[in-house]
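Let's take a friendly walk through a protein model together.

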Amino acid sequence: MKCLFLSLKEIAVLLARISLIGLTTASYAGAPFISDDPLPLKYKQWEVIIFSGLDKNNDLFLEPYLFAPALEINYGPSEDLLLHALVPYAWALPSPAPLASGLGDIELGAKYRFLRETSKLPQIAFAPLLEVPTGSVNKNLGNGIPWGKLPIWAQKSWGKWTTYGGGGYVINTAPGMLNYFYSGWLLQKQLKDQLILGGEVFYQTAITAEGNYSVLLNAGGVYSFNKNFSLLFSAGHSIFGQNHLIAYLGLYWTFEKGVFSSTHHEKIEHKLFRNTN
């Protein structure tokens, strides 16, 4: 594990030196996209995602940012409830100053689906998130104080197509930061048994006093190697407002009740492309 971590760290440094780009401050909710879906997991099902995410922006208050690696863990204690934790190793990539790295802010959250999908109605969930200030604010690796997100997400599926999205409000009272609204919507299609592709539009108001609003186009997908293991990927760029270049690359595993699950394709397909009524 130590050798693997060092290898990822070396890759992250190389990427940082070449491109000076980092993770977007809008976290990737429905990996590999920014917009989330309302789907929880099955009862006692686990998801584990190891990923890198990056964001290059022109906000004078923010540094280009990178998570490499980051660990996301999700668990389903009931059929309509998901528990979520994300622990990032963060990199601040200022130029020309030396880069800084270390533990970033840990994200904790839950997703409660209060309306299930039917032939006529979408499924809807409330998914609050708390960002715990574990990253060093002096090194630009964290916010310095707790902050939270209060989104609602909806989804409707038909055949091999699924559309989902929603929006929410962020409360962040750290110096120089603003409370802000955000919204995103995504359309996806299953092209093959192993391949899912989609695209989203994401909007957020200014997140800092020196910043501006952003409208981003993002495209990506999921490639499943087997029933329990998939590759997640996306990349996008702003089209209006604040300039952002974003990307995501992750490895996804799922299992339940202590053994690897045979329901990975069901989870991915239900989450992205299937009607779950």
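This is a predicted model: local features need pLDDT of at least 70, side-chain atom pairs count only at pLDDT 80 or more; totals for chains, interfaces and linings use all residues.

Residues are numbered from 1 along each chain as its sequence is written, and side-chain values use heavy atoms, leaving out hydrogens and water.

The protein chain has two helices and 15 strands; these are DSSP runs numbered from the N terminus, with helices being H or I of at least four residues and strands E of at least two. Of its 277 residues, 49% are buried (buried means under 20% relative accessible area, exposed over 50%, partly exposed in between, using a 1.4 Å probe and protein chains only).

Side chains of opposite charge can pair when their charged atoms come close. A salt bridge is a side-chain nitrogen of Lys or Arg within 4 Å of a carboxyl oxygen of Asp or Glu, and there are eight of them here.

Look at Asp 80 and Arg 116, whose side chains form a salt bridge at 3.0 Å, N to O. Asp 80 sits in the loop between β2 and β3 and Arg 116 in the loop between β5 and β6, so this pair ties together parts 36 residues apart in sequence. Asp 80 is buried, whereas Arg 116 is partly exposed.

Next, Glu 107 and Lys 149 form a salt bridge at 3.7 Å, N to O. Glu 107 is in strand β5 and Lys 149 in strand β8, 42 residues apart, and both are buried.
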